[in-house]
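Student: I have a model open and some labels to check. Can we go through them one by one?

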Amino acid sequence: MKNQTLRLSLILLLVAAITAGILGVINYFTAPIIAQRNLESTMESYAAVLPADSYEDVEYTGDDPTITKICKAADGSGWVFETSFSGAQGMINMVIGVSSEYKCIGISIISHSETSGLGAVAAEQSEKGEAFRNQFIGVDETAALQKNGGDIVQISGATITSNAITTEVDLCITVAKTLG
C-alpha cells in the first residue's frame, strides 16, 4: 500500500513538473507578443482620447493612487491619464484625454469587472455606451451626475460606476491644471 501511494505521488509530481515546464516555455515565447499587443492597445486608446503623433511621460508626484501614468502630447495639445479606480464590482482601468484648455476630450475604458447590462454599459461599443462616454467631451472639473446637480446622465442601475467615472474625470482635469 505504501509503495502504491509513493508511486502515484511520484507520477503526479512528474506530471505537474512537466506541465509547469511546458507552460513556462509557452510563456517565455508568448510574453513579448502579449506585451506588444498590450502596448498597441494602449496607444490606440491614447489616440482615441487625444490624437497626437507621440506622447511624452510626465512625472507625477501627486498623492492620488488612482492615477497610474500621465503622458503629455508632444504637440502640447493636452495630457493622457491612465487611471485605475474602484467601480461597483471591481477595478476600472481607463484612459482620459484632457486638453490644454483643461477640458475632457474623451474617455476610453480599457478593462473593468462591472456587471453586464449595468455598469459594463460604460465600456460597451454600443449606442448607449458611446452616449454615456460622449457626455464627458468638453466638460471641466465641475462635471457631476444629474442627481448631484450636474449634466452627466448616469447609466440606469449603475450609479456607483457612473459616479466613479465622473469623479475620476474631474480628478484628472484638476491634476492637469497643476501640470500647467
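Tutor: Start with burial: buried means under 20% relative accessible area, exposed over 50%, partly exposed in between (1.4 Å probe, protein chains only). This is a predicted model, where local features need pLDDT of at least 70, side-chain atom pairs count only at pLDDT 80 or more, and totals for chains, interfaces and linings use all residues. Residues are numbered from 1 along each chain as its sequence is written, and side-chain values use heavy atoms, without hydrogens and water.

Student: Why is Trp79 called buried?

Tutor: Its relative accessible area is 4%. The limit is under 20%, so the label is buried.

Student: What makes Tyr102 partly exposed?

Tutor: Tyr102 has 22% relative accessibility. That falls between 20% and 50%, so Tyr102 counts as partly exposed.

Student: How do you know that Tyr46 and Tyr55 form an edge-to-face pair?

Tutor: Rings of Phe, Tyr and Trp (its six-membered ring) pair if their centres lie within 6.5 Å; planes under 30 degrees apart are stacked, over 60 edge-to-face, the rest tilted. By this rule there are 4 aromatic pairs. For Tyr46 and Tyr55, the centres are 5.1 Å apart and the planes at 85°. Therefore the pair is edge-to-face. Tyr46 is buried at 0% relative accessibility, and Tyr55 is buried at 17%.

Student: Why is the pair of Trp79 and Tyr102 called stacked?

Tutor: The ring centres of Trp79 and Tyr102 lie 5.8 Å apart, with the planes at 15°. The angle is under 30 degrees, so the pair is stacked.
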